[in-house]
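Biologist: Could you take a close look at the aromatic rings in this one for me? I'd like one connected walk-through, with the helices around them where they matter.

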Amino acid sequence: MIVKMKFLSISGPKVDIDRVCDIYLSKYEMQLENAVAELKTTDNLRPFVEINPYREPLAKVEQFTALIKDDKVHADVIMTQEEMMDLIRDVNHEYLNLQEKKELLKKKKEEKKEKLNILQPFGPLDIELHKVSSYRYMKARFGRISVDYYRRLEKYLFEDLNAVFIEGVRNENYVYGGYFVSNGEVSKVDSVFNSLHFERITLPTEYVGTPAQSCEDLEKEISKLRKEIKKVDKEVDDLMQRNASKLLGARKRLEELSNIFDVRKLAARIEEEDSKEDYYILCGWMGEENVQKFIEETKNDDRIFIVVEEDREKFFGEPPTQLKNPKFFKPFETFIKMYGLPSTNEIDPTIFVALTYTFIFGAMFGDVGQGFCLFAIGGVLYLTKKMNLAGIISIAGIFSMFFGFMFGSVFGFEDVLPAIWLRPAEAMTNLPFIGQLNTVFIVSVAFGMGLNILVMIFQIVNAIKAHDVENLWFSHNGVAGLVFYGFLVLTVVLYMTGHQMPGNIMMVIFLGIPILMFIFKEPLGNLVKHNHKHLEGGKGMFLVQGFFELFETLLSYFSNTLSYVRIGAFAVSHAAMMEVVLMLSGAEAGTPNWFGIIGGNIFVCLLEGLVVGIQVLRLEYYELFSRFYKGSGREFKPFIHHTKGQ
């Protein structure tokens, strides 16, 4: 059902706006509208221009609570606002000190890693770096040279150079190492190595021992720094854990205060010249039941003034739509929102969709075993994850089990349970003129005819609520369409059951008159509404257009009715698919392969369940909704959600 909305204007002293929002509006869901834009007839309206003081501390406390690892901590909500700010300030001070310490340690670690990366390629060199740098009669140069140039160096120059090259690590691209040369030959040897693109690398000399020993010392220092960083992380965790309860409480309260302060974005203030005190105005939509509770609660508060605009919807547009359905039908609101919410002058189709969707799904997918799996798995997911689609699947599984008993099918086996009603693949019925036809096809079409008549009645109710006289009487989904289609259905049923057909006069009345109403829908509607509007394009064009529209209407009746054959077709195909699974698994031969049977059931359950779910939703949207439902409503979006008592 749709919650009836009322439009409220709430006003009071400007300094009192936070108190009103905190004490009263936080208990009720209200969709606020922009007061400056809505109340155009009110003079001296100004917007609030204030910065939210809670946003920064809220962001900080959200950062801290994200670091809390224990998700079982209960929030402490008894702190005052001053205590919350002091808590955040103290925790932030200690947290920043720890972060500064951690950054220094990380910087040292990166420096050590950088030195380690430099030294590692020179690990095989059996020299002491701190001594090499102090040689008096020779120079040492360390670096890398590409493999190609190193081969040239080996082939042509080593014999002619008065230098010694000691190789370190070699990879597919470079050879790392160093060359030693006397002071007198330095310039010449350096020139040769530079011509071969030798890249000089400066090695750290503050470590005693060989490069390998220096690498070992560096790794120990890096490991020590990692432990110190982990120790700081542990201190941060301990800090957050010690204050977890209070931080969670502060976050919750600051969220409330921030949301309450943000109400100013949609509020207006009135500057009274004769008064020393400014006033605020809030306006928006609230459910009728909540309005009564709100007014009752504030009747003794002389600092708040509430005005209920009874005719708001007539002068200021349509109210938002809020759906309120029993918990059993609540998940199906998802399908309604996917198509579009109903406006206030439409029927809420949630319960209708819930009943028809699950019933049709069960008829198309009738199996006790597979239906139970859908019911159980969907139910567990809905209860644990609150997934609406899982709730729909679970309820649909109940109807699958029901039709499974009706068809006598359990996991595809049709010799375990007796069919209470019929076997879809076997039951046949003789019809006049047509001959033998599968019984479930006939029942499906008859069921579809009944649904079409029902949704036409829904359309008539919607037209009455919307005061739409033209679509009420002359539309192919209104009274004229109901008479026409209903009489056709009655005629078909009488003919198929061997009863006497309606006379010619009745056919003229119940078929001919509605056809004329279809054709002359527009001028008849203008006549009823006293709207003397000339026909566009002249009478000839109007009659041609009317003929094609009539043809399209009759064709839509026919195609729409036949569309329900798919219900029976899927019921038969399910039985056929499971028969194939059992045959391939050897069940019919008496030597069943249970892995094949289980795998086949899983495959059919997933594949056919998905296809049937989509096909039923198509029937709902295209065959049913198209006849009575527009879905043009706007969603009710409360600015402040329930916070008290949670």
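Modeller: Let me start with a definition: a charge sits over a ring if NZ of Lys or CZ of Arg is within 6 Å of the ring centre and within 35 degrees of the ring normal. Bear in mind that this is a predicted model. With that in hand, the charged end of R144 sits over the ring of Y174, 3.9 Å from the ring centre. The charged end of R264 does likewise with the ring of F261, at 4.0 Å from its centre.

F261 brings us to helix α9, residues 244-261. At 1.5 Å a residue, the 18 residues of α9 should span 26 Å, and the end C-alpha atoms are 25 Å apart, which agrees. F261 is buried, and so are other α9 residues, including L247, L248, L254, L257 and I260. Among the elements that cover the buried residues of α9 are α1 (17-23), α3 (55-65), α4 (81-119) and α8 (211-242).

Now for ring against ring. A search of the whole structure turns up 40 aromatic pairs. One of them is F142 with F180, edge-to-face, with 6.2 Å centre to centre and 90 degrees between the planes. This pair links distant parts of the chain: F142 is in strand β4 (residues 138-146) and F180 in strand β6 (residues 174-182), 38 residues apart. F142 has a relative accessible area of 9%, so it counts as buried under the 20% cut-off. F180 is buried as well, at 12% relative accessibility.

F359 and F399 also form an edge-to-face pair, with 6.4 Å between centres and 75 degrees between the planes. F359 lies in helix α13 (residues 350-364) and F399 in helix α15 (residues 388-407), so the pair ties together parts that are 40 residues apart in sequence. Here F359 is partly exposed at 30% relative accessibility, and F399 is partly exposed at 21%.

There's a cluster to look at too: Y339, F352, F458, Y621, F625, F628 and Y629 form one aromatic cluster.

Last stop, helix α18, residues 479-496. The 18 residues of α18 should span 26 Å at 1.5 Å a residue, and the end C-alpha atoms are 26 Å apart, which agrees. Just after α18, G498 takes a positive phi of about 80 degrees.

Methods:
Residues are numbered from 1 along each chain as its sequence is written. This is a predicted model: local features need pLDDT of at least 70, side-chain atom pairs count only at pLDDT 80 or more; totals for chains, interfaces and linings use all residues. Side-chain values use heavy atoms; hydrogens and water are left out. Helices (H or I, at least four residues) and strands (E, at least two) are DSSP runs, numbered from the N terminus. The expected span of a helix is 1.5 Å times one less than its number of residues. Buried means under 20% relative accessible area, exposed over 50%, partly exposed in between (1.4 Å probe, protein chains only). Contact means heavy atoms within 4.5 Å. Rings of Phe, Tyr and Trp (its six-membered ring) pair if their centres lie within 6.5 Å; planes under 30 degrees apart count as stacked, over 60 as edge-to-face and the rest as tilted.
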